[in-house]
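Hi,

Here is the structure I promised to pass on. Have a look, and my notes on its pockets follow below.

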Amino acid sequence: MTSLPIINLDLEAYWDYVFDYGVTYDWKAEWYYGWDEIDQQIFGNIGYTEPNAFHIRRYYTYSDPSAPHTQVIANAISGKTFQGRYNWGFWDLLVWNDVVTLDGVQSLNFDETTSLDSVIAYTNQTMVTSRYHAPRYTRAFYEPEALFAAYEENIEVNENLEGFEYDPASEAWIKHMKVLLYPVTYIYLPQIILHNNHNKIVGVEGSGNLSAMARTVNLNTGTSGTDPITVHFNMRFKQNRDMKGESVDIAGGRLMTFGMCNLNTRNKTRSEGEEEEKERHYMDVTMLFNNGLDSTFVFDMTDQVQKLYKGGVLTIELDMDTIPVPIRPGGSAFDAVVKDYEDGGTWEFPM
C-alpha cells in the first residue's frame, strides 16, 4: 500500500526563498491586483489546489535496481492510497495528479511512449503569434495546468518480507511507503501598475505573453526541458486599486508555467557570480487607450523571473504622465527599457 500525502499548498510554502536570499518572501505585501470572484471564475484559485486523483506508473526491474525500464503497469486512483501486487525484486514508482480544469478542457499532454524511463509533460501551440523563439516556434503555447509529481526508485520487494506487515483483513503482506509530490508547474502573478493614468488606458486586450519559459518537464526527474517558448495567459484590467494610499489602475492575472529551462527547483542553489541564462524573458501586453487605439507594451522581466525561479509576483510600474496616447492605428510597440516610439523619439519607462 502506498500513501500519497501532499505538502502544504500555501504559496508561502512553495515561494520559500529564504535559503537563496536570506529573507522571507512576503508576496502579499507587493500584490496589489487582488483576487475577487471574477478572477476566481476566470483563473481559478490564486494558488495551488490539492488534487484527489492520481496516475501511477510502476516499473519492474527484476533483480537489478539500476536496470532500464522495459515494461510499465499503469493505474489510476481516487484518494491517496494505492494497493497492488508486486513480484519479488525491485520496482520504480512514478506518480502524478489527475488534471481538473474549470471548463473541462485540458492543455497538458503526456508523452509516455518515446521512452519508458521518463514521462514528459507538455502543451501545444496556440493560434497567437509569438514575436520570440522564431523560426522554430512562431506561436505562443498554452499554459499548463497545476501538476505535481513524485518518483521513487529501487523499491525492494524481498522474499524475506523485510519491511512488510501482515494485514488480516486483506490476508496480504503490506509495505507502507509515503510518496511526497512536488510541483513541476510554477505560478506567476503578473501585474502592471499604472500611476497617474487618469483614464488614459481604459483596458487590456485580455491576454499577455511571457517568453523564454520551458516547453516541457520531465516528471521522473522534475527537470524542465531545454526548449524556450512563449507562454500565453489571460489578463484583466482593474481601476482604482489602493496602493499604499494611492489610487492606481492595474492589469493583472495568473500565469502557470513549467518554469525556466533546464532547471530542477528542488535542488536549485544560487551563488554569487552564477552564470545567467542566455535567453531573456519578455512579457508583452496590449493596452487599450481612451481614443480606441491600442499599443503593445514589451517589458524585460529577466531579473524578476530568474530571481523568482519557483514563481511569485512579477511587477511593472508605469508613470502614465510619461506615455503619450497613440495617434495612429496598428499598435505601437513600447519597450519598458528603451524603445523607439512610432512618432519619433526614445521613451524610457521607469520600472
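Strands S5 (89–97), S10 (148–157) and S12 (172–174) each give at least two residues to the lining of the second largest pocket. Strands here are DSSP runs of E with at least two residues, helices are runs of H or I with at least four, and both are numbered from the N terminus. This is a predicted model, where local features need pLDDT of at least 70, side-chain atom pairs count only at pLDDT 80 or more, and totals for chains, interfaces and linings use all residues. Residues are numbered from 1 along each chain as its sequence is written, and side-chain values use heavy atoms, with hydrogens and water left out.

Back to that pocket: its volume is about 530 Å³, and 22 residues line it, with Gly84, Arg85, Tyr86, Phe164 and Trp173 nearest its centre. (On a 1 Å grid over the protein atoms alone, a pocket is an open set of points with protein on both sides within 12 Å along at least five of seven lines; a cavity is a set where a 1.4 Å probe fits but cannot get out; lining residues have an atom within 4 Å of a point. Points join across faces, edges and corners, and a volume is the space filled by probe spheres set on them.)

The largest pocket holds about 1,000 Å³. Of its 37 lining residues, Phe43, Val100, Thr101, Leu102 and Glu145 are the closest to its centre. Helix H3 (37–43) and strand S18 (228–243) each supply at least two lining residues there.

There is also one cavity of 30 Å³ or more. Strand S9 (139–142) and S18 each give two or more residues to the lining of the largest cavity.

Cheers
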